Amino acid sequence: MRQSGGIVACFLLVALLPALSLGDIPKPPSLGGGKKDKLKTEKLPPCKACTLLVNSFRDGIKRTERAKHDGGDAAWEEERLGSYKTSELRLVEIQERLCHDVVRGEDQCHQLAEEYESQIEKWWKNHQTDHPDLHRWLCVEQASVCCPDGFYGPNCTPCPSCFGNGKCKGNGTRKGNGKCACDEGYGGDNCDSCAAEYYEAFRDESKLLCSRCHKACAAGGCTGAGPNACRVCRSGWTMDVARGGCVDVDECVKEAPCTGQQFCVNNEGSYSCLECDKSCDGCNGDGPDLCDKCAQGYEMRDGMCTDTSSEKRNQYATFTRYLTYLGLCIATCIVLQNSTWLAALVGLAVAVYISVSEYWLNTAPQQPTAPSPRILDEILQQH
């Protein structure tokens, strides 16, 4: 009985296996789950959290507006669906998905939605027309966690102008000190002056434009555009007393900064070391024609280091080939020395083989060699 029961159990297990799918197997939590949960529970500043709630509510207004007023008879919609605009039904539809589209601070958004539920309903029923800006009505006036744009602090003090080149710290919130956080290149309490390494390109009563000094200028700044306006020169440049301003230092002439298998290329304010051509043993530029001397396996021919290794290989192959031909002739004479006509026939075949082989080797097309980069440049310049 035990054996029959085991057989039945095994049969049932095999029968149920096809019904099981990979989808029934619980999947391990994704690696991104922890990050998503962290964003969801993140605590945002009061003004930003209120703004997030209002934006989600506005998205709900747009969503329900599209759902109820897409196409059709406009007059009929105005008559039959006009009440839907401020209806309780539409408010419920918006609140059902409120904060669901929020990534950062979703939990806080839901909490604020419950906390401000009565104020939102009051605005929805009574103030949509006379206070159409929900953010100003809720976050600024009712909850008192934000300020209008251009104001900051507990009492919503007006922000300074920052000369159009910075932002007021705490702008739009009940926080901050109202000081100007200047954009790059600007300084001063009101961002009305140029920072170090910038110069005044334009100024009038309401606007200032600062531009970056030339890269030749050091921290001392400049008086205008170009290297001639530098007060102090950066490393790699030197002050020209006669003409004024900074001129580039040619490090390749002044010193030998590169190794024996490299050559120096001067750049503005610096230099670069590039590798010599493989045919060179030391060089003063790019290409096999600018070598100090040729590397092993290369010989100077017509002012250019040329690879001779292939020529030596060809000479060795030719010598080996002729030895093979000689060996065939000697072997034919020895083996067939008792039969003159057979030796002559085989000798003729060997001669034909040698002739055909040599003809094919001498007429085979040679693969052209690539010219050096310098030669290519000269060809391009000529055309």
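**Note on the predicted model**

1. T324 is partly exposed, with a relative accessible area of 45%. Buried here means under 20% relative accessible area, exposed means over 50%, and partly exposed lies in between (1.4 Å probe, protein chains only). T324 is found in helix 10, residues 309-335. The C-alpha atoms of T324 and I354 are separated by 9.9 Å, although the two are 30 residues apart along the chain.

2. On the basis of the model: this is a predicted model, in which local features need pLDDT of at least 70 and side-chain atom pairs count only at pLDDT 80 or more, while totals for chains, interfaces and linings use all residues. Residues are numbered from 1 along each chain as its sequence is written, and side-chain values use heavy atoms, with hydrogens and water left out.

3. Overall content. The protein has twelve helices and 14 strands. Both are DSSP runs numbered from the N terminus: helices are H or I with at least four residues, strands are E with at least two. Of the 383 residues in the protein, buried residues make up 28%. Take the contacts (heavy atoms within 4.5 Å) between residues at least 6 apart in sequence: 32% of them join residues at least 24 apart.

4. The largest nonpolar core has 26 residues. A nonpolar core is a set of buried Ala, Val, Leu, Ile, Met, Phe, Trp, Tyr and Cys residues joined through side-chain atoms within 4.5 Å. The members that touch the most others are L53, F57, Y116, L134 and L138. Two or more residues each come from helix 3 (46-68), helix 5 (88-96), helix 6 (106-115), helix 7 (117-127) and helix 8 (134-142). Helix 3 gives the most, with six residues. Apart from this core lies another, of ten residues, including Y199, C213, C222 and W237. In soluble globular proteins, nonpolar side chains tend to be buried together.

5. L138 deserves a look in the viewer. Leaving out residues up to four places away in sequence, L138 touches C50, V54, Y116, Q119, I120, A143 and S144.

6. Helix 5 against helix 7. These two pack at an angle of about 140°, with axes 11 Å apart. Axes are lines fitted to C-alpha atoms, for helices over the stretch in contact, and angles run from 0 to 180 degrees between N-to-C directions. Helix 5 and helix 7 are therefore oblique to each other. The classes are: under 35 degrees roughly parallel, over 145 roughly antiparallel, 65 to 115 roughly perpendicular, and the rest oblique. Helix 5 passes helix 7 in a right-handed crossing. A crossing is right-handed if the near helix is turned clockwise from the far one by less than a right angle, and left-handed if anticlockwise. On helix 5, E88, R90, L91, I94 and Q95 take part; they meet E117, E121, W124 and K125 of helix 7.

7. Helix 7 against helix 8. Their axes come within 11 Å and cross at roughly 140°. That makes helix 7 oblique to helix 8. Helix 7 passes helix 8 in a right-handed crossing. Helix 7 makes the contact through Q119, I120, K122, W123 and H127, and helix 8 through L134, W137 and L138.

8. Backbone points to check. Most residues other than glycine have a negative phi, and most peptide bonds are trans. C99 is not a glycine, yet has a positive phi of about 75°. C99 is found in the loop between helix 5 and helix 6, and is buried, with a relative accessible area of 0%. F163, also not a glycine, has a positive phi of about 55°. F163 is found in the loop between strand 2 (157-158) and strand 3 (166-168). F163 is buried too, at a relative accessible area of 17%.

9. Strand 13 (residues 298-301) and strand 14 (residues 304-307) run antiparallel and are joined by four bridges. Two strands pair if DSSP finds at least two bridges between them. E299 stands opposite T306, and R301 opposite M304. Two residues lie between the strands of this hairpin, and D302 in the turn has a positive phi of about 55°.

10. K293 is found in the loop between strand 12 (270-275) and strand 13. K293 and C280 are 6.0 Å apart in space, C-alpha to C-alpha, and 13 residues apart in sequence. Not counting residues up to four places away in sequence, K293 touches S279, C280, D281, G282 and C305.
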